[in-house]
Amino acid sequence: MNKFTAIVLAAGSGKRMEQEIPKQYMKMGDVPLMVHCLRTFQESKVTQIVLVVAPGDVEKCRREIVERYGITKCVAIVEGGEERYNSVYAGLQAINDGYVLIHDCARAFVSIDVIHRCMSAVMLYESCVVGMPTKDTVKLTDDHRKVLDTPDRNNVWIVQTPQCFEYNLIREAYDKVIASADKSITDDAMIVERATNHEVHMIPGSYMNIKVTTPEDIAFGEAILKNQGKI
């Protein structure tokens, strides 16, 4: 039986949210933001969850999140690092096989359907990323904001999470990138693209799978929860 581990990243500071507490602990509805996605992974067919939190937050998350809200699939809580990729690497070190779904807890409204599509796709491709085709025209510019090109939007996708990989593939790619200390990395697919010859496939996510980043996102998030009957 295949093992699927969800590595849920909750180690950010959330500075753009302009709140006194990190956004992962901010209440949305009647529970902290991170609980919404943790509950979805809990209810899905994933085998286990590894939660990556800010330094010093392990026991707090164990008591106030995992135990309080019954996230029984959580098998490890580990401290993250300075950059996102350091946090992912900490999560990868807590497991050793199977398939991995790497997810930002700020995408709190990921659905079970999306998770299960990930699980099916990663067994087929070994490397796949959730996203949606852009609805807007996209411009490429130089450092002075001069337009250089207008790519065909039929081929432009907005990347989301989960990002999903066979464990050995993503672990070996991360080992190489961590050793090089390349700080230009912005997502996990970039690591596979740079460190391996393996193809990365896009799979459909959802336009509701938003990332809560700024205060303007709160109203949209609450509307999604109301539509889902969760508040």
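Reader: Why is Arg 145 called exposed?

Author: Its relative accessibility is 74%, and exposed means over 50% relative accessible area, buried under 20% and partly exposed in between (1.4 Å probe, protein chains only); Arg 145 therefore counts as exposed. Arg 145 lies in the loop between strand E8 (140–141) and strand E9 (147–149), where strands (E, at least two residues) and helices (H or I, at least four) are DSSP runs numbered from the N terminus. The model is predicted: local features need pLDDT of at least 70, side-chain atom pairs count only at pLDDT 80 or more, and totals for chains, interfaces and linings use all residues. Residues are numbered from 1 along each chain as its sequence is written, and side-chain values use heavy atoms, with hydrogens and water left out.

Reader: Why is Glu 126 called partly exposed?

Author: Glu 126 has a relative accessible area of 32%, and is therefore partly exposed. Glu 126 is found in the loop between H4 and E7.

Reader: How do you know whether Gln 24 is buried or exposed?

Author: Gln 24 has 2% relative accessibility and so counts as buried. Gln 24 lies in the loop between strand E1 (4–10) and strand E2 (27–28). Leaving aside neighbours within four places in sequence, Gln 24 is in contact (heavy atoms within 4.5 Å) with Ala 10, Ala 11, Gly 12, Pro 32, Leu 33, Met 34 and Cys 105.

Reader: Why does Ala 108 count as buried?

Author: The relative accessibility of Ala 108 is 3%, so Ala 108 counts as buried. Ala 108 is in the loop between E6 and helix H4 (112–125). Residues up to four places away in sequence not being counted, Ala 108 touches Leu 33, His 36, Cys 37 and Ile 210.

Reader: Why are H5 and H6 called roughly perpendicular?

Author: Helix H5 (residues 167–180) and helix H6 (residues 188–195) pack at about 80 degrees, with axes 9 Å apart. Angles of 65 to 115 degrees count as roughly perpendicular, under 35 as roughly parallel, over 145 as roughly antiparallel and the rest as oblique; H5 and H6 are therefore roughly perpendicular. In this contact, H5 contributes Ile 170, Ala 173, Tyr 174, Lys 176 and Val 177, and H6 contributes Asp 188, Ile 191, Val 192 and Ala 195.

Reader: What makes H6 mostly covered?

Author: Six of the eight residues of H6 are buried, namely Asp 188, Ala 189, Met 190, Ile 191, Val 192 and Ala 195. These buried residues pack against helix H3 (84–92), strand E6 (99–104), strand E7 (127–133), strand E10 (157–166) and H5.

Methods:
Axes fitted to C-alpha atoms, helices over the stretch in contact; angles between N-to-C directions.
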